[in-house]
Amino acid sequence: MDQPKYNADLQVRPVGDQDLGAARNLAGRAFGEDCQEWFGGDTTLGGFDTDGTIVCVLDYDPASMWWGTAQIPAGAIGGVATDPKHQGRGHAGGLMVKTIHLLREQGRCVCPLWPFSFAWYGKFGWSCPTTVATLKLWPDLVRRTGAPVGTVRPAEPDDVAEIERLYNASAQQRNAQSVRSAAQWEKRWRSQVWVLEADEGLACSALVRIRQLERGQGKRVVVRELHGTSFAEQLSLVRSLAEMEQVTAIELNVPPDSLFLHAFSEQFDISSEHELALRVLDVPGALRHLQPADDLQACVSFEVAD
Ligand SMILES: CC(C)(COP(=O)(O)OP(=O)(O)OC[C@H]1O[C@@H](n2cnc3c(N)ncnc32)[C@H](O)[C@@H]1OP(=O)(O)O)[C@@H](O)C(=O)NCCC(=O)NCCS
């Protein structure tokens with residue numbers, strides 16, 4: 001692993017009310033967009049130069065992640081920014097190193113983030129465990145699977161408990177998925193969820209975005225995340241979305257080992273991208289949260305390069 005260069009003297013602390021405006025302004029300059037609604041609260045960390053100037057900032061989400069049926073405490077980092085006039089002096093690196101220690105002290109064992117550069121975060125110990133495949137399809141290709149068409153509709157408030165059940169079941173089959181409470185589903189996610197009805201409750205749900213294409217070319221349905229554990233139900237949901245009026249294009253974001261990669265009779269566009277990178281902050285702590293089967297016998301070895 002390359003040894004990272006970083007500003008070890010950077011002072012890192014939560015950004016209080018008096019520095020929040022400066023933090024937002026510097027993020028605005030770094031990202032080149034309006035960041036006036038960003039940050040706030042104890043989870044925003046600022047990096048301060050020796051003269052007390054705030055030079056960089058980040059925010060973290062103190063969430064947990066599923067590993068099988070175990071929930072591991074995590075801190076998901078986002079919004080990393082260094083003021084353009086102070087860039088290239090190791091401030092962001094110093095902020096990452098101090099944040100690793102701070103999150104570890106809080107008992108957070110893993111840290112996911114969505115990198116601007118895998119090489120740069122790689123120097124600080126992040127690596128890339130997830131790849132996402134994007135399949136671009138058209139409705140007739142989905143129709144030819146013969147999957148049954150059911151009733152699909154946007155989720156309503158009463159669906160939240162069922163959505164949570166379906167999401168948790170699929171999240172527990174894939175490591176490194178975020179733990180989402182019923183309140184988070186309601187506040188943050190439900191408006192993006194579509195559901196496939198079953199005789200009782202819901203058969204399947206998904207995060208879906210529907211875009212109107214230009215010049216009367218119809219609509220593109222982007223399925224960003226499928227819930228539940230039944231492939232047949234998931235395919236039925238996708239087929240039902242494909243049958244909606246004016247749908248001309250379908251995009252599926254799926255794990256790289258998804259059965260969807262083999263579900264269609266014809267060649268389609270497929271791309272594969274790195275997505276989330278992860279750093280284990282506390283190896284024994286993370287292992288302690290896992291719930292191996294009582295009769296499991298295994299030998300775990302690892303090297304910690306901190
Ligand atoms: C990315 C950013 C936070 C780095 O801040 P910084 O304080 O200049 O970072 P450091 O001085 O610690 O590290 C600089 C290193 O980052 C690398 N780097 C900066 N931007 C990069 C990019 N877009 N892609 C790849 N590497 C990049 C530099 O080449 C340098 O590499 P080196 O250490 O091998 O010399 C800053 O450039 C920024 O605010 N960018 C705009 C916002 C952004 O994209 N944030 C990241 C969101 S995840």
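Q: How do the residues of the shell around the ligand divide into nonpolar, polar and charged?
A: In this predicted model, nine residues of the shell are nonpolar, seven are polar and two are charged.

Q: Which residues come nearest to the ligand?
A: The shell holds 18 residues, and the nearest of them are Val80, Thr82, Gly88, Gly90 and Lys123.

Q: What lies 2.7 Å from an oxygen atom of the ligand?
A: That is a backbone N or O atom of Gly90. A polar backbone atom of Gly93 is 2.9 Å from an oxygen atom of the ligand.

Q: And what about the side chain of Trp120?
A: An N or O atom in the side chain of Trp120 is 3.3 Å from an oxygen atom of the ligand.

Q: How much of the ligand does the protein bury?
A: The ligand taken alone exposes 920 Å², and the protein buries 65% of that area.

Q: Which elements give two or more residues to the shell?
A: They are helix 1 (17-31), strand 6 (76-82), helix 2 (91-105) and helix 3 (118-123).

Q: Turning to the pocket, how much space lies in it?
A: The second largest pocket contains about 400 Å³ of space.

Q: Which residues lie nearest its centre?
A: Of the 18 residues that line the second largest pocket, Thr82, Gly88, Ala92, Phe116 and Trp120 lie nearest its centre. Helix 1, strand 6, helix 2 and helix 3 each give two or more residues to the lining.

Q: How does that lining divide?
A: The lining of the second largest pocket has nine nonpolar, six polar and three charged residues.

Notes:
Residues are numbered from 1 along each chain as its sequence is written. This is a predicted model: local features need pLDDT of at least 70, side-chain atom pairs count only at pLDDT 80 or more; totals for chains, interfaces and linings use all residues. Side-chain values use heavy atoms; hydrogens and water are left out. A residue is near a molecule or strand if one of its heavy atoms lies within 4 Å of it. A polar contact is a pair of N or O atoms within 3.5 Å; within protein, one must be able to donate a hydrogen and the other to accept it, and residues adjacent in sequence count only if both atoms are side-chain atoms. Accessible areas come from the Shrake-Rupley method with a 1.4 Å probe; for residues, only the protein chains shown count as cover. Helices (H or I, at least four residues) and strands (E, at least two) are DSSP runs, numbered from the N terminus. Ala, Val, Leu, Ile, Met, Phe, Trp, Tyr, Cys and Pro count as nonpolar, Asp, Glu, Lys and Arg as charged, and the others, Gly among them, as polar. On a 1 Å grid over the protein atoms alone, a cavity is a set of points where a 1.4 Å probe fits but cannot get out, and a pocket is an open set with protein on both sides within 12 Å along at least five of seven lines; lining residues have an atom within 4 Å of a point. Grid points are joined across faces, edges and corners, and a volume is the space filled by probe spheres set on the points.
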